[in-house]
Amino acid sequence: MTPERTALAERLSAIDLRIAEAARRNSRAPEEITRIVVTKFHPAALVRDLVALGVSDVGENRAQELIAKEQECRDLDTLNWHFIGQAQTNKARVIREASGIVHSVDRIRLVTALDRAADEGERLDVLIQINLTKDPDRGGVAPDDLDALSAAVAEAESLRLRGVMAVAPLGEEPAPAFAQLAKLSERVRTVVPDAAWISAGMTGDFEEAIAHGATHLRIGSAITGPRPIQG
Ligand SMILES: *Cc1c(COP(=O)(O)O)cnc(C)c1O
């Protein structure tokens, strides 16, 4: 192994250990938690190294980058691409083609665009991203508009609503936000009872997210190392 790959393997297993410990502290089974490695700004070679270490789920937050890397990694058929960034409606088709799940559905126009981009009989897993801040420019639907959006996703035949996603507000304790997210997840389940996934928790707060029921963690820099400067 190259020194880089050894260091990557060590960071990955250190994080997985912390995930398992946080799960046990909260009487949860580590196997019910999916660890997504966020590979944004890193080259496809890093994705290959991660796959060699047994990683099956990776996340990207920009459509162009997702599409390029997914194409470069087409031969790795065990890989599940998660799209976690803000999506423009004119990218709906390419995002659909390149990812297995979209975490960032936050408005009805995007639901419509993703649904129209489907091929016959195809179904895409989606999460509704919720904005837990007071800043309307941050990604995500406002909690007040969640019920209408849940209903719209539930009605879209080519989409399968799996749950909710959020980013904790910057510079605040994440626990109250994750507690609020858990409540909002219950609300979504009154519309779609099996939409039980909660995508929450990043490098700085994944243990708190696990304590509040996160089923999908999106962890970048703690595993990949610092991100290269954005191009
Ligand atoms: C970049 C990113 C992450 C991972 O961030 P880290 O702090 O590096 O773990 C998680 N979620 C989203 C939406 C991101 O854009």
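A pocket here is an open set of points on a 1 Å grid over the protein atoms alone, where a 1.4 Å probe fits, with protein on both sides within 12 Å along at least five of seven lines, and a lining residue has an atom within 4 Å of a point. The model is predicted, so local features need pLDDT of at least 70 and side-chain atom pairs pLDDT 80 or more, whereas totals for chains, interfaces and linings use all residues. Residues are numbered from 1 along each chain as its sequence is written, and side-chain values use heavy atoms, without hydrogens and water.

The volume of the largest pocket is about 610 Å³, and its lining comprises 12 nonpolar, 12 polar and six charged residues.

L50 lies in helix α2 (residues 44-52) and is buried, with a relative accessible area of 0%, where buried means under 20% (1.4 Å probe, protein chains only). Beyond its neighbours within four places in sequence, L50 is in contact (heavy atoms within 4.5 Å) with L8, V37, T39, V55 and I223. L12, 38 residues from L50 in sequence, is 8.9 Å away from L50, C-alpha to C-alpha.

K91 is placed in the loop between β3 (80-83) and α4 (92-98). K91 is buried but has no salt bridge, and E65, the nearest side chain of opposite charge, is 12 Å away; a salt bridge would need a side-chain nitrogen of Lys or Arg within 4 Å of a carboxyl oxygen of Asp or Glu. Apart from neighbours within four places in sequence, K91 is in contact with A63 and Q64.

Conventions. Points joined across faces, edges and corners; volume = space filled by probe spheres on them. Nonpolar A, V, L, I, M, F, W, Y, C, P; charged D, E, K, R; others polar. Helix = DSSP H or I, 4+ residues; strand = E, 2+ residues; numbered from the N terminus. Buried < 20%, exposed > 50% of the residue type's maximum accessible area, 1.4 Å probe, protein only. Lys, Arg positive; Asp, Glu negative; His and termini not counted.
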